[in-house]
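User: I am new to this structure and would like to learn how its features are read. Could you guide me through them?

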2 protein chains.
Amino acid sequence: MAIPVGTSRAGGTQAVDRAATLLVSILESAQPPTFGDLQSSSGLAKSTLSRMLSSLERHGLVLRSDDGAVRPGPVITRFAHSDRSHESLIELTRPHLQHLSQATGETINLAILVGDEVEQIAQVDCRFLIGNVNWVGQRLPTHCTALGKVFLAGGAPMPRGPLARRTPRTLTTVSRLADDIKVTARRGWAIADSELEPGLVAIAAPVRASSGSVVAALSITGPSSRLTPARIREFARLLVAAAHEISTAMGYQPKNGKAGAA
Amino acid sequence: MAIPVGTSRAGGTQAVDRAATLLVSILESAQPPTFGDLQSSSGLAKSTLSRMLSSLERHGLVLRSDDGAVRPGPVITRFAHSDRSHESLIELTRPHLQHLSQATGETINLAILVGDEVEQIAQVDCRFLIGNVNWVGQRLPTHCTALGKVFLAGGAPMPRGPLARRTPRTLTTVSRLADDIKVTARRGWAIADSELEPGLVAIAAPVRASSGSVVAALSITGPSSRLTPARIREFARLLVAAAHEISTAMGYQPKNGKAGAA
DNA sequence: AACTTGTGTTCCATATCATGGAACATTTCC
DNA sequence: GGAAATGTTCCATGATATGGAACACAAGTT
C-alpha cells in the first residue's frame with residue numbers, strides 16, 4: 001500500500017505537493033470524496049491527511065460537511081461565481097488565440113453568453129490594416145453573429161419575436177434562424193456572412209466544459225474579400241481544432257456518456 | 001524581520017498553511033498579484049515562495065504568465081466552469097436554508113438561472129404534510145415564479161412574446177410583468193401569488209456574487225392558507241436577511257453604506 | 001554597448017518542522 | 001449494549017523544508 005503517486009521531484013515543496021494533489025482530486029472528482037477516499041487515493045497516513053485537510057479547511061479552500069464529504073470550500077466557490085473566473089478562462093485560451101491568429105492572420109475573439117447577448121472577452125488583432133476593431137466588452141445579438149449562433153446551437157434559448165435586421169442578409173425570422181442553427185449544430189461551427197455588417201464574415205466554434213455545455217465561443221473574423229469560401233473551409237478546421245483542444249483542457253470528453261472514473 | 005504573520009496554531013501543517021494562504025490571496029485579489037506582491041504580502045523568503053509556487057503550478061492550481069502575474073490555474077478554471085461549482089454553492093448556502101426552514105416551517109428552495117428558466121438546485125422540505133413536493137432539478141418559467149422574477153429584476157433578459165398562462169392570475173403580458181419586476185427590484189424581493197399554481201404562494205430574494213450579479217435565488221414556498229399577508233411580510237424579512245448573508249459570504253459588498261451591523 | 005537594477009531559481013548546510021504509529025475520542029451499526 | 005469504523009491528538013524521530021547567498025536572466029539607464 002501507500003504507493004505514493006509518482007509526483008515529480010523537480011523543485012517543489014513536498015508537503016505542498018501532497019496538499020495540492022489532495023485539492024486537485026477534490027476539485028476534479030465527480031462527486032465529493034470522503035476522508036477515506038482521499039486516504040486510499042493519496043496513500044497518506046491518517047494523521048497527515050487529517051492535518052492537511054485542517055489546514056486547507058481553515059483557509060476556506062475545502063469544506064467538510066457532516067456526512068464526511070470533502071468539498072471545494074467557500075474561497076473556491078466565491079471565485080467560481082465571480083467575474084474573475086472569466087479572466088482565468090481567457091488565460092487558459094490565450095495560447096490558442098495566439099496560434100489561430102498566427103495561422104490565419106485574422107482577428108480572433110473569445111466570447112461568452114451574457115443574458116441573451118454575446119460578450120467578447122478577449123481578442124487578438126489581425127495582421128492587416130483593414131479589420132482592426134477592438135470588440136472586447138462589446139455585446140452583440142445572437143441571431144446575427146457567428147459567436148451567437150454557436151451558443152444557440154449549444155442550447156441557449158432562441159430569441160423570440162422579431163429579429164433586428166442589421167443588414168439585408170440578416171436572418172430575421174425565427175424559423176430561418178432555427179434552420180441555420182440546426183445546420184450549425186450538425187456542422188460543429190457557425191458562420192455569419194454579412195449578417196451583422198455588410199462585408200464582414202465570421203466563423204465560430206464552441207468551447208465546452210466537462211459537462212458538455214457551451215461555456216464560450218471562439219471566432220475568426222475578417223472582410224469577405226479575404227475570407228473566401230476556400231479559406232473559410234480551411235480556417236474552420238483550425239478553429240474547430242483549437243476550440244476542441246480548449247474544451248479538452250476544460251475537461252470535456254466527447255461522446256463520454258457518464259463520468260464513472262475512480 | 002519577517003516575523004511570520006501569526007498564522008494559526010491549531011492543528012495543521014505549516015507549509016500547507018503557507019501555501020494555502022498564497023492560493024487564497026491569488027483567488028481573492030482583484031487583479032493577479034505578481035511574484036513580488038506575494039512576496040511582500042506573505043513575508044516568505046524568495047526561495048520558499050518560488051518553491052511553493054512551483055508546486056502549485058505543477059498541479060495546475062496556479063498559472064504564471066510571461067508578465068509575471070500569478071493567476072488561478074486550469075484546475076480552478078475547469079472547476080469554476082463545471083456543473084460542480086453549483087454543488088459547492090449549495091453547500092455554502094445549506095446552513096441558511098436550514099435556518100430558514102426552522103424559522104418558517106415552510107419549503108425553502110435555492111435556484112439558478114439556466115437559459116431562460118429557473119432550475120431548483122437545493123431544497124429543504126417543510127414541516128407540514130401539505131406542500132411537500134421535491135422540486136430539485138425541475139425547471140420553471142421566469143415570468144410566473146418568484147424565483148424567476150428575482151433573476152429578471154437582477155438583469156436577466158425579459159421573456160418575449162406571449163407568456164404562458166398557468167393560472168388566472170399569471171401575468172401574461174410583458175408590460176404587466178415589467179411593472180412587477182420594477183416593484184420587485186425596488187423592494188428587494190419577489191412574490192408570486194397563485195401565478196404558477198392556484199393557492200401556491202412563493203417569495204424569493206437574490207443571492208449576489210462579488211460582482212453584484214445575481215447568481216442564485218432563495219425562496220420560501222407554501223399554500224396561501226399559511227402564507228398570509230402578515231406572515232409574508234415577516235418571512236420576507238428573514239428571506240432577504242438570509243440571502244444577504246449568503247451574498248456577503250460570496251464576497252458581495254453593497255455599494256451603499258448599508259452593509260453595517262448584521 | 002556596458003552597467004545597474006530588478007526578478008526569479010538553484011544550491012546547500014542546518015535544525016525546524018512534518019511525519020507516521022499508537023493512543024484517544026466519537027459516531028455508527030449491529 | 002458492545003464492536004467496528006472513522007477521525008483527531010500526541011509524541012519522539014529524522015526526513016524535509018528553510019532562508020541566505022550565489023547564480024541566471026531580463027529590463028531599464030547612462
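This is a predicted model: local features need pLDDT of at least 70, side-chain atom pairs count only at pLDDT 80 or more; totals for chains, interfaces and linings use all residues.

User: How many helices and strands does chain A have, and what does its C-alpha trace span?

Analyst: Chain A has 8 helices and 8 strands. Along the principal axes, its C-alpha trace spans about 70 × 40 × 30 Å. Of its 262 residues, 45% are buried. Taking the contacts in chain A between residues at least 6 apart in sequence, 55% join residues at least 24 apart.

User: How should I read the relation between two copies of a chain?

Analyst: In general, two copies of a chain are related by a rotation about an axis and a shift along it.

User: Why can it be said that the copies meet through the same surface?

Analyst: The copies meet through the same surface because 100% of the interface residues of chain B are also interface residues in chain A.

User: Which residues come nearest to DNA strand C, and which are closest to DNA strand D?

Analyst: Around DNA strand C there are 21 residues, of which A:Ser47, A:Thr48, B:Gln14, B:Phe35 and B:Ser47 come nearest. DNA strand D is surrounded by 20 residues, the closest being A:Gln14, A:Phe35, A:Ser47, B:Ser47 and B:Thr48.

User: Which elements supply these surfaces, and what is their make-up by class?

Analyst: For DNA strand C, at least two residues each come from α1 and α3 of chain A and from α1, α2 (35-42) and α3 of chain B. The surface near DNA strand C has 6 nonpolar, 10 polar and 5 charged residues.
For DNA strand D, α1 (14-28), α2 (35-42) and α3 (46-58) of chain A, together with α1 and α3 of chain B, each supply at least two residues. The surface near DNA strand D has 5 nonpolar, 10 polar and 5 charged residues.

User: How is a sheet read, and what is the order of the strands in the open sheet of chain B?

Analyst: Strands of a sheet pair through backbone hydrogen bonds, either parallel or antiparallel. The open sheet of chain B has 6 strands in the order β5-β4-β3-β8-β7-β6, with antiparallel pairing. Its edge strands are β5 and β6 (190-193) of chain B, each pairing on one side only. Neighbouring strands of this sheet are turned by 30° against each other on average, direction ignored. Helix α6 (residues 146-153) of chain B lies across β3 (107-114), β4, β5, β6, β7 (200-208) and β8 (214-223) of chain B, and runs at about 35° to β7(B).

User: How many residues of β7(B) are buried, and how many bridges join this strand to β8(B)?

Analyst: In β7(B), 9 of the 9 residues are buried, so this strand is largely enclosed by the rest of the structure. It is joined to β8(B) by 9 bridges, the two running antiparallel; B:Leu200 has B:Pro223 as its bridge partner in β8(B). The hairpin of β7(B) and β8(B) has 5 residues between the strands, and B:Gly212 takes a positive phi near 100°. With β6(B), β7(B) pairs in the antiparallel sense over 4 bridges.

Methods
Residues are numbered from 1 along each chain as its sequence is written. Chains are lettered from A and ligands numbered from 1 in the order in which they are written. A residue is buried if 20 or more other C-beta atoms lie within 10 Å of its own, exposed if 12 or fewer, and partly exposed in between; C-beta atoms are placed from the backbone. Two residues are in contact if their C-beta atoms, placed from the backbone, lie within 7 Å. A residue is near a molecule or strand if its C-beta atom, placed from the backbone, lies within 6 Å of it. Ala, Val, Leu, Ile, Met, Phe, Trp, Tyr, Cys and Pro count as nonpolar, Asp, Glu, Lys and Arg as charged, and the others, Gly among them, as polar. Two strands pair if DSSP finds at least two bridges between them. Axes are lines fitted to C-alpha atoms, for helices over the stretch in contact, and angles run from 0 to 180 degrees between N-to-C directions.
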